[in-house]
Amino acid sequence: MVIEFVISTVSFAVCFVFHMLFHRILLLWRKKSMSILLIYIVGIVIQIVSYRVLNASEVTSSSLSAFVFYLGLVCITSIFYFGRILEGLTPSDKILQLLVSKDNFTKATLLKAMSEHELVNLRLFSLIHKRYVYEENCFYRLTNKGKGIFKILEIYSKIFRIEVGG
Amino acid sequence: MDALILIINVIQCSIFFVVLYFFLRKTFVYRRTSFLLKTCLSISVLSISALLLIASWLNIALSQMVQIAIASQLVYFLLIIIYILSIFSYIESSITLKLIHIIGLAGAKGLSRNELANIYNKEYIVMRRINRFIENKIVIKQSNCYQRNKNLSLFDLRSLVIKAFIFMFPS
C-alpha cells in the first residue's frame, strides 16, 4: 500500500519540477499558457509504467486511492497556479498588507486606500468583456452564459441556504 | 481490507457534506471557514478512532490499520482542501460571482450602475472582509483602529503558499 503512494508522490514531484522548468522557459519567450499543466499527464504515465514494472496486473483499491491522491495534488497545484496567474492580489491580501505596513488604520483611511474602480468596476468590465454580462441603455443584464453561472450559484445557495459571494 | 481506504473516504466525505447541509446555514457568516475545518478535523479523528476499534475487534494487525488510516486521511484532507479552495472560498468571497448573482437577481429588467452601487460597493466589500478578519482574530479592533494580530493564522498559511508559488513560478 505504501509503495503506491510513494509512486504517486514521486511522479508528482518529477512533474512539478518539469512544470517549474517549462514555466521559466516559456517566461524567457514571454509566453503564458495553461496547457503547460498537461505535463501532469506524464505523471499518470509514470504511475502506469511503475505498476507494470512491479508486475501489478490488476487495479487495486490502494492504487486507485494513490491515483486520487495524485489527482488531488495536481488539482491543488492548478488552483494555486491559476490563481497566481489570473487573480494576483485579492482584496483581503491588500487589506492585510495595508494593516501590516502601518498601524492604527481607521475605517475611513482603509476605505480611502482601496479603490472602487479596482474592486468593482474592473471586474464588471471583465464580465462584460468575457460576455457574462451585457450593458443596454445603462442597464446591466446577464447573457445566456451568465445565466448558466447564476443558475449554478442559485442551486448551491439553495442546497446550503447561504448567501453567494462577498 | 484494501478497499477500506476508498470506503472510509466515501463515508467521511458523505458525513462532511451532510453536516454542511444541516449546519452551514446556522453558522455565523464570518465563521464558516473555521467551522468547515473543525468539521473536517472532527470527522477525521472520529474515523481514525473507529478504525482502531475495528482493528482490535477483528484482530487486524495494527501496522496495517495505521497504513490504511494514513492513506485514507491523506486523500480525505486533499479532497476537502480542494473543495474549500476551488468551490467554497469562491462562493463565499468572490466579488465577480457576487456581481453575477446580484445582476441575475434583478432578472430581465436589469440593474443600473447606481442601483448596483447602492447594493454592492467598496464599503460593503472592505467591511465584510475586515469583519471576517476580526471574527477570526486575524485583525484586532482597538478604539476604532484596526491592527494586524501577530499570531499565525490559516490565512497566513495560504499567503505563504502563494508566496512560494510566486517564487517558484515568477511572472
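In this predicted model, 42% of the 166 residues of chain A count as buried. The accessible surface of chain A comes to about 9700 Å², and carbon and sulfur atoms hold 66% of that area.

**Overall form of chain A**

Seven helices and three strands make up the secondary structure of chain A. Read from the N terminus, the elements follow the order α-α-α-α-β-α-α-β-β-α. The radius of gyration of chain A is 22 Å, whereas a compact globule of 166 residues would have one near 15 Å. Along the principal axes, the C-alpha trace of chain A spans about 65 × 40 × 35 Å. Among the contacts in chain A with a separation of 6 or more, 52% link residues 24 or more positions apart. Chain A carries 19 positive and 11 negative side chains. The centres of these two sets lie 6 Å apart.

Which strands form the open sheet, and in what order? The order is S1(A)-S3(B)-S2(B), with antiparallel pairing. Strand S1 (105-106) of chain A and strand S2 (139-142) of chain B are the edge strands, each pairing on one side only. S1(A) pairs with strand S3 (residues 145-148) of chain B over two bridges, in the antiparallel sense. Within S3(B), Cys145(B) is the bridge partner of Thr106(A).

**A buried asparagine in chain B**

Asn9(B) belongs to helix H1 (residues 4-23) of chain B. Is Asn9(B) buried or exposed? Its relative accessible area is 5%, under the 20% cut-off, so Asn9(B) counts as buried. Leaving aside residues up to four places away in sequence, Asn9(B) touches Ser72(B), Val75(B) and Tyr76(B).

Most residues other than glycine have a negative phi. Asn137(A) has a positive value, and Lys137(B) has a positive value too. The table sets out their phi and relative accessibility.

| Residue | Phi | Relative accessibility |
|---|---|---|
| Asn137(A) | near 50 degrees | 67% |
| Lys137(B) | near 60 degrees | 61% |

Asn137(A) sits in the loop between strand S2 (133-136) and strand S3 (139-142) of chain A. Lys137(B) sits in the loop between helix H6 (122-135) and S2 of chain B. Exposed means over 50% relative accessible area, so Asn137(A), at 67%, counts as exposed. Lys137(B), at 61%, counts as exposed by that cut-off.

Key:
Residues numbered from 1 in each chain as written. Chains lettered and ligands numbered in written order. Predicted model: local features only at pLDDT ≥ 70, side-chain atom pairs only at ≥ 80, totals over all residues. Heavy atoms only, no water. Helix = DSSP H or I, 4+ residues; strand = E, 2+ residues; numbered from the N terminus. Rg over C-alpha atoms; globule rule 2.2 N^0.38 Å. Buried < 20%, exposed > 50% of the residue type's maximum accessible area, 1.4 Å probe, protein only. Contact = heavy atoms within 4.5 Å. Areas by Shrake-Rupley, 256 points an atom, 1.4 Å probe, with all protein chains shown as cover. Lys, Arg positive; Asp, Glu negative; His and termini not counted. Charge placed at Lys NZ, Arg CZ, Asp CG, Glu CD. Pairing = 2+ DSSP bridges.
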